[in-house]
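Please read it beside the structure.

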Amino acid sequence: MKLFADSAGYCQNPDCNVNLFLTVGQTEFHIAEMAHIISAGQGGPRTNQSTSEQEKGDFSNLILLCPTCHTKIDKAEQEYPEIIIKEWKKHHSEKINSVFNIKQFKNRTTARQAIVPILNENKAVFDIYGPLTDYRYNPESEIPKLWLSKIQQIILPNNRKLLRVLDNNYTLISDIEAKTVEIFRQHVLDLEAKHINQEEIEVLKFPSQLHLIFEN
C-alpha cells in the first residue's frame, strides 16, 4: 500500500512512468508489480548475502514497476544495479511532489488553497458517480461501473495527494483537525485495501469535516 502511495499510480522507472491503472472496456485493473531491488532469494538479481531477510522485505528495498520494467531489471541485471534502481525510486517520489505542487506552506490560507481543488474534484466525482446516486436503482446503468473506474483513476490518486499535503504541513493543523486527518488516513487505507488489494472490507466513511480543514 505504501508503494502505491509513493508511486502515485505510475511506474517508478523515470524513463517509463506508464499509468499502472487501466480500464479495458468495462474492466478496471492495475498492472503494478512489486519488485525487489536486492533479490529476496539467495541467487536472484542483485543478490547480497549480507542483507537480512527483514531488510529484503523492507519498503526501502521495494519499488513499484510495470511488468515490462520489472522484467528488464531482472533479466538485464548488470545494466540495472542497486544504486540506479534506488535513484529511480528517489527521483520518482521527488517528481510526484513537484508535479502535485506538494510543499510546506507558510500559512493555513495557502495550504487550504492547495487542497480545495482536490477536495472539490473528489466531491464532484462522488456526487455524479457515487453509490448514493439514483443510478444505483437502475440495473442497466453504466454509472456504477464508471464509479469503480473513477475511484482508481481519480479518487485514489487524489487521496494520496491530500495526504502528502497534509503530512507536509502538519504543523499548521490544529489538534481537532489532526483527529479528522487521521480518520481520513484510515479511510484512504481502507479504500486502497478494497480497490487495490481486492479485500472484502467495509470502508471507513470519509470524514466530511475534512472539507473545512485549514479554514481560519
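The lining of the largest pocket draws at least two residues from each of α5, α6 and α7. Helices here are DSSP runs (H or I, at least four residues), numbered from the N terminus. The model is predicted: local features need pLDDT of at least 70, side-chain atom pairs count only at pLDDT 80 or more, and totals for chains, interfaces and linings use all residues. Residues are numbered from 1 along each chain as its sequence is written, and side-chain values use heavy atoms, with hydrogens and water left out.

**Largest pocket**

- The largest pocket has a volume of about 650 Å³.
- Of its 22 lining residues, Phe126, Pro131, Trp147, His187 and Phe206 are the closest to the centre.
- A pocket is an open set of points on a 1 Å grid over the protein atoms alone, with protein on both sides within 12 Å along at least five of seven lines; lining residues have an atom within 4 Å of a point.
- Grid points are joined across faces, edges and corners, and a volume is the space filled by probe spheres set on the points.
- The lining of the largest pocket divides into 12 nonpolar, six polar and four charged residues.
- Nonpolar covers Ala, Val, Leu, Ile, Met, Phe, Trp, Tyr, Cys and Pro; charged covers Asp, Glu, Lys and Arg; the others, Gly among them, are polar.

**Second largest pocket**

- The second largest pocket has a volume of about 210 Å³.
- α1 and α6 are the elements that give two or more residues to the lining of the second largest pocket.
- α6 gives the most, with five residues.
- Among the residues that line the second largest pocket are Lys2, Asp6, Arg160, Arg164, Asp167 and Arg185.
- This lining splits into three nonpolar, two polar and six charged residues.

**Cavity**

- The structure holds one cavity of 30 Å³ or more.
- A cavity is a set of grid points where a 1.4 Å probe fits but cannot get out.
- The largest cavity has a volume of about 70 Å³.
- Phe4, Ala5, Ala8, Gly9, Phe21, Leu156, Pro157, Arg160, Glu192 and Ile196 line the largest cavity.
- Two or more of these residues come from each of α1 (2-7) and α6.
- The largest share, three residues, comes from α6.
- Seven residues of the cavity lining are nonpolar, one is polar and two are charged.

**Helix α7**

- α7 has 21 residues and reaches 31 Å from its first C-alpha to its last, close to the 30 Å expected at 1.5 Å a residue.
- The expected span is 1.5 Å times one less than the number of residues.
- The buried residues of α7 include Phe184, His187, Leu191 and Glu192.
- Buried means under 20% relative accessible area, exposed over 50%, and partly exposed in between (1.4 Å probe, protein chains only).
- The buried residues of α7 pack against α5 (108-129) and α6.

**Two residues**

- Histidine 92 lies in helix α4 (residues 82-99).
- Histidine 92 is buried, because its relative accessible area is 3%.
- Leaving aside neighbours within four places in sequence, histidine 92 is in contact (heavy atoms within 4.5 Å) with Asp6, Ser7, Tyr10, Cys11, Gln12 and Asn17.
- Serine 174 is found in the loop between α6 (143-168) and α7 (175-195).
- Serine 174 is partly exposed, because its relative accessible area is 31%.
- The C-alpha atoms of serine 174 and threonine 27 are separated by 42 Å, and the two residues are 147 residues apart along the chain.
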